[in-house]
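Keep the viewer open as you read.

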Amino acid sequence: MEAVGCRVLHTNPYRIYLRNASEMPCCRMRGFGGHVVSTLRSSEVNSNGSNRSLDLVAYPSNALGNGYGGFATSKLNISHKRQLLVGKAYSSAEAYVFDEEVSGVMSSVAHEKVGVLLLNLGGPETLQDVQPFLYNLFADPDIIRLPRLFRFLQRPLAKLISVVRAPKSKEGYAAIGGGSPLRKITDEQADALKVALEEKNLHANVYVGMRYWYPFTEEAVDQIKKDKITKLVILPLYPQFSISTSGSSIRVLQNIFREDSYFAGLPVSIIESWYQRDGYIRSMADLIEKEILNFSNPEEVMVFFSAHGVPLSYVKDAGDPYRDQMEECITLIMDELKFRGISNSHTLAYQSRVGPVQWLKPYTDEVIVELGQKGVKSLLAVPVSFVSEHIETLEEIDMEYKHLALESGIENWGRVPALGCTSSFISDLADAVIEAIPSASAMSPAKTCHTESDMDPVQYAIKMFFGSILAFVLLLSPKLLSAFRSSPF
């Protein structure tokens, strides 16, 4: 891509910087709702003779038809346009001028009552909450995907796993203070995001909806309805999209919204993933750079990205884009660090596997041992799929993996903190919300879904009988119970 009077300084799949001799960006590209949105930066001379910057943004006037029951999705990513590019071709566009002096809030939403729903996993706040939290987790069909024949066993299986798993999980939560800090941190992020939006001249109500513990997503939805929100942006606090995280929460919302006429007509926009945003990439690079410099020999430090794993079948059979997005995310972060003159080696591994099935490899614990055997002496752990501290960072990484690393011959251990309420990160989330608002659209009518209860009663009874025999034999196997007992939750 070329522009007169500009030269390319730095690129990534989300934004293309073209800078002139004064090093000011004059052009960039965004992905909006799965489609490319062009933003042209120019300048305007005020009456007093001073210059100010203006952004001209063009985006499709129609909503994107997709697999989320008619939600408009703002992927903000042109490199993964193959993922959800279904629906109509667009011939028209609308344009807004974004004045950087007022942080780019379009006048068309000034009369709207905007809501932002932050989605997260949730976590037990006391040791008594651990077993019911685990039950909610494993009862989710997006976490344990049973064959159709055995889906009626989802809840009994969840009950069994949660009871077996609870004692070890309680030990982990006891080690970090008796409960998860996730709710407190997410509430703080919601407050910080509300302030950041107000600073950009957008007044919005920010809600928190947890998938597996309080405040549940359903509670947040009830409050959104009570507040009479007229436009809603859904922002999962997972940088990369996965069926088991953002996908699960979106599925819950889809089911709720289809059954309620208020939500069926509410313009909604979902920010599916945002790992490729410059604000996120720079914020991660800032934290990594700071921690690297804390080592006595920074140039010898290996950057060790540890991401939450998912079963391999999600990627191979269900088309989960998580692995591709994670690998691209690591590339973007390392490119940013190299741009700053930091060229440390790095690797990526996946943690927190549960059960006897194969998960994404390589596994974090196995890679740590291998690195120690190869003579790596300084390791900096980066929890790349987490933006808040919780049991997988505070106990699994800080305690279990650190102990394993030191036992394996690694002498210097460091860990990058989660982003939390880092100002640059929160500001970029606010920008993502503002950019997503124009693509909000009402849901399409619900599609008819057929469940197993619709089948012939005799056929269903036969499946239940033989399925129960086989399933319970599998559930009671020592190997299966042992696999779930050793999970990190």
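This is a predicted model: local features need pLDDT of at least 70, side-chain atom pairs count only at pLDDT 80 or more; totals for chains, interfaces and linings use all residues.

The chain comes to 14 helices and 15 strands. Of its 489 residues, 53% count as buried. Take the contacts between residues at least 6 apart in sequence: 77% of them join residues at least 24 apart.

Let's begin with H5, which runs over residues 243–258. What is the distance between its end C-alpha atoms, and what would a straight helix reach? The ends of this 16-residue helix are only 20 Å apart, short of the 22 Å that a straight helix would reach at 1.5 Å a residue. Its buried residues are Ile243, Ser244, Ser246, Gly247, Ser248, Ser249, Ile250, Val252, Leu253, Gln254 and Phe257. Look around them and you'll find helices and strands: the buried residues of H5 pack against helices H4 (217–226), H6 (261–264) and H8 (312–316), along with strands E8 (114–120), E10 (231–236) and E11 (268–270).

Pick H4 out of that group. Two packed helices are described by the angle between their axes and the distance between the axes. For H4 and H5 the angle is about 45 degrees, with the axes 11 Å apart. That angle makes H4 and H5 oblique to each other, and H4 passes H5 in a right-handed crossing. On the H4 side, the contact is made by Thr217, Glu218 and Val221, while H5 brings Val252, Leu253, Ile256 and Phe257. Sorted by class, that contact has five nonpolar, one polar and one charged residues.

Now step across to E8, another neighbour of the buried residues of H5. Leu119 lies in this strand, and it counts as buried because its relative accessibility is 0%. Which residues does Leu119 contact, leaving aside its neighbours within four places in sequence? They are Gly209, Thr217, Ile234, Leu235, Pro236, Leu237, Tyr238, Ser249 and Leu253. Gly209 is worth a look: Leu119 and Gly209 are 90 residues apart in sequence, but their C-alpha atoms are 5.0 Å apart in space.

The next pair is H7 (residues 278–292) and H9 (residues 322–339), whose axes come within 9 Å and cross at roughly 60 degrees. H7 and H9 are therefore oblique to each other, and their crossing is right-handed. Here Tyr280, Ile281, Arg282, Met284, Ala285, Ile288 and Glu289 of H7 meet Cys329, Leu332, Ile333, Glu336 and Leu337 of H9. By class, this contact has nine nonpolar, no polar and three charged residues.

How does the span of H9 come out? Its 18 residues should span 26 Å at 1.5 Å a residue, and the end C-alpha atoms are 26 Å apart, which agrees. The buried residues of H9 include Cys329, Leu332, Ile333, Glu336 and Leu337, and those five also meet H7. Just after H9, Gly341 takes a positive phi of about 90 degrees.

One last stop is Ser162, found in helix H2 (residues 154–175). Is Ser162 buried or exposed? It is buried, with a relative accessible area of 0%. Not counting residues up to four places away in sequence, Ser162 touches Gln131, Leu134 and Tyr135.

Note on methods:
Residues are numbered from 1 along each chain as its sequence is written. Side-chain values use heavy atoms; hydrogens and water are left out. Helices (H or I, at least four residues) and strands (E, at least two) are DSSP runs, numbered from the N terminus. The expected span of a helix is 1.5 Å times one less than its number of residues. Buried means under 20% relative accessible area, exposed over 50%, partly exposed in between (1.4 Å probe, protein chains only). Contact means heavy atoms within 4.5 Å. Axes are lines fitted to C-alpha atoms, for helices over the stretch in contact, and angles run from 0 to 180 degrees between N-to-C directions. Angles under 35 degrees count as roughly parallel, over 145 as roughly antiparallel, 65 to 115 as roughly perpendicular and the rest as oblique. A crossing is left-handed if the near helix is turned anticlockwise from the far one by less than a right angle, and right-handed if clockwise. Ala, Val, Leu, Ile, Met, Phe, Trp, Tyr, Cys and Pro count as nonpolar, Asp, Glu, Lys and Arg as charged, and the others, Gly among them, as polar.
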